[in-house]
Amino acid sequence: MKPLHILTWLVGALVTIFAIGGLHWGLAQIGWISFFDWSFYFEVSAAGLLQGVMYSLVALGFVLIFKASGIFNFAQGSLVLFAALTMVGLMELFERDFGIRLHWVLAFILTVGVMVLVAIAIERLVLRPLVNQPPIILFMATIGIFYFVDGFGQALWGSDVKVLDIGMPIASAVSPLGVRMNVYDLIAAGVGAALVAGLGVFFQYTRIGRALRAVADDHQAALSVGIPLKTIWTIVWSVAGVVALVAGIMWGGKAGVQFSLALIALKALPVLILGGFTSIPGAIVGGLIIGYGEQVAENFIGLEIGGAIQDWFAYVLALVFLLFRPQGLFGERIIERV
Amino acid sequence: MGQERMGMGAAAALGAPALLSVNNIEVIYDHVILVLKGVSLEIPQGGIVALLGANGAGKTTTLKAISNLLRAERGDVTKGSITLAGERVQHLTPNDLVRKGVIQVMEGRHCFEHLTVEENLLTGAYTRSEGAAAIQQDLEMVYEYFPRLKVRRNSQAGYTSGGEQQMTAIGRALMSRPKVVLLDEPSMGLAPQLVEQIFEIVKTINEQQGVSILLAEQNTNVALRYAKYGYILESGRVVMDGPADALRQNEDVKEFYLGLSATGRKSYREVKHYKRRKRWLA
Ligand SMILES: Nc1ncnc2c1ncn2[C@@H]1O[C@H](COP(=O)(O)OP(=O)(O)OP(=O)(O)O)[C@@H](O)[C@H]1O
Ligand SMILES: [Mg+2]
């Protein structure tokens, strides 16, 4: 994406947010909704967008694996849980057995190592034997991985809700431009943005990144120029593991590390439908739209009809997209020449 | 029907040692479909060898057996051997083979559509570890052979023309610094003039870089003008081989593959009929 592109998108997003705000204001004027207040609207929007970054992070893990190997990795959610559990587990383990308070940065690095091992194991034990099988078989295999990783993680580290403390403020807020925002959410969004930017640079400018994109485009051709698919797959799953870890820390740090983390994968699905399964920018924009949309719907429309819109809003939006734009907002354009 | 030999194999005929030899290989897909039934051929050091044959004769299969892209298609070499400079190579991965200097340019070009032309070329250098300077130098070399690619370097490969994609595919293979290039139907779907232009460049590369080339083609006419030696495949067997000049003069080759005969051009239907009868009698 070129800077001009990004600028266009930013302006477009702001205009849209104002327009939707205006729409609600109008609805309030004619009495369809009972309450509208601009500053509250902006607060809700900001909270929704920040929440959306978290969705984007989870969706990103899916996109990486889908692009490189055409596999819809159902197990991504369990990787999020497993990564967060491992990190907390390691910190607890060191504290209990060796009396060392492991700094969270060290715990993070150790957990990255574990996620790489998991990636290697998945490639060796699952992907390699199933190479050349139809996508549905691989999808089923990832369901298997989901339950295995899920059970294995809990067997290893226990299934009680754990507190992940990386020294971030949970409840404090700041108010730039008069819009109240949660500091934790802001930091999480910043980390997410940095991670995405880092991945972008990695994909665009490194030899391995180029090879990853080559494999995503045409894996036979990649094989023919000597790019080893096994290595590339291991790298992709490792990267997806690290993305899962970051997502797990951000979610787990806020809500505690527990089984429900694995289910945020279900939130990623509508994000993917919105953004397109093959697009990294799509995962980001899709996450933002869903985070924002569900908060605004919950707080303004939801009030009128008794709430709980948040639970299904994303899916309805995804359904609408499936009907009108099945490839998603950014679904990779299929290049066809005659 | 045995193999009709007009030469002693490409290496002896061209007076150069065989760099790569394929000895009586048999290839089976999916454990049951027997496609190659004993194919032998040689690629002499620095030579251009043509592998000719109609649709489904087994040209691509032979090339993939050498580059070992076969395994990814559930194909397997079940008999015979393939040697590179005397060393057996059929158990190596494509990655190892590219490192050893054997690379295939696949039929239908297979560029990375969403990568730019230059990025496509750079992926060809994936297996190399000499550092950026050497690779940059080779990039310039490829641009010298294919000036058109330099113009298009920043375009997405998917949006370039068929000829440019073929050039990209060949250039990409060159970036691996190969000893042997297995070139699968480079003429496919290209205008005759462009075919000629690309073959000229391939010949120049062969002469200047000493790269040996195995050229699989249906376009017998062009292939035999650029190759020094040819093998003709029919239903998974080599049915004839010899120096290119001799093949061009051969009556059967003229008739079946060049579309000419003593009595002039034959219609495709007649040829097919004759072929069927010949197979019946054999
Ligand atoms: N993956 C595969 N599985 C099963 N059979 C295959 C496979 N690939 C090729 N074949 C069969 O092997 C035979 C030889 O095919 P091959 O592609 O090698 O021919 P070719 O000479 O390259 O033909 P063309 O000129 O059309 O490219 C054909 O009968 C084909 O149907
Ligand atoms: Mg072929």
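**Domains and helix packing in a predicted model**

Me: Starting with chain B: how far apart are the C-alpha centres of domain 1 and domain 2?
Reply: In this predicted model, the C-alpha centres of domain 1 and domain 2 of chain B lie 25 Å apart.

Me: Which residues belong to which domain of chain B?
Reply: Domain 1 of chain B takes in 10-101 + 178-276. Domain 2 of chain B covers 112-177.

Me: How many residues are in contact between them?
Reply: 18 residues of domain 1 of chain B touch 13 residues of domain 2 of chain B.

Me: And what area is buried between domain 1 and domain 2 of chain B?
Reply: About 1,400 Å². Carbon and sulfur atoms give 70% of that area.

Me: Switching to chain A. How do α2(A) and α6(A) pack?
Reply: Helix α2 (residues 38-69) and helix α6 (residues 183-205) of chain A have axes that come within 8 Å. They cross at roughly 30°. That is under 35 degrees, so α2(A) and α6(A) count as roughly parallel.

Me: Left-handed or right-handed crossing for α2(A) and α6(A)?
Reply: Left-handed.

Me: Which residues make the contact?
Reply: From α2(A), Leu50(A), Val53(A), Met54(A), Leu57(A), Leu60(A) and Leu64(A). From α6(A), the residues include Tyr184(A), Asp185(A), Gly192(A), Leu195(A) and Phe203(A). By class, the contact of α2(A) with α6(A) has 14 nonpolar residues, one polar and one charged.

Me: What about α6(A) against α7(A)?
Reply: Helix α7 of chain A is residues 207-217. The axes of α6(A) and α7(A) come within 5 Å and cross at roughly 80°. The two helices are therefore roughly perpendicular.

Me: Which residues are in that contact?
Reply: α6(A) gives Phe202(A), Phe203(A), Gln204(A) and Tyr205(A). α7(A) gives Arg207(A), Ile208(A), Gly209(A), Arg210(A), Leu212(A) and Arg213(A). The contact of α6(A) with α7(A) splits into five nonpolar, two polar and three charged residues.

Me: One more pair. At what angle do α10(A) and α12(A) pack?
Reply: About 30°, for helix α10 (residues 264-275) and helix α12 (residues 309-324) of chain A. Their axes are 8 Å apart. The angle makes α10(A) roughly parallel to α12(A). α10(A) passes α12(A) in a left-handed crossing.

Me: What residues make the contact there?
Reply: On α10(A), Leu266(A), Lys267(A), Pro270(A), Ile273(A) and Leu274(A). On α12(A), Gln310(A), Ala314(A), Tyr315(A), Leu317(A), Ala318(A), Phe321(A) and Leu322(A). The residues of the contact of α10(A) with α12(A) are 10 nonpolar, one polar and one charged.

Conventions:
Residues numbered from 1 in each chain as written. Chains lettered and ligands numbered in written order. Predicted model: local features only at pLDDT ≥ 70, side-chain atom pairs only at ≥ 80, totals over all residues. Heavy atoms only, no water. Axes fitted to C-alpha atoms, helices over the stretch in contact; angles between N-to-C directions. Helix = DSSP H or I, 4+ residues; strand = E, 2+ residues; numbered from the N terminus. Parallel < 35°, antiparallel > 145°, perpendicular 65-115°, else oblique. Left-handed = near helix turned anticlockwise from the far one by under 90°. Contact = heavy atoms within 4.5 Å. Nonpolar A, V, L, I, M, F, W, Y, C, P; charged D, E, K, R; others polar. Domains from an automatic or database assignment. Buried area = accessible area lost by both parts, 1.4 Å probe.
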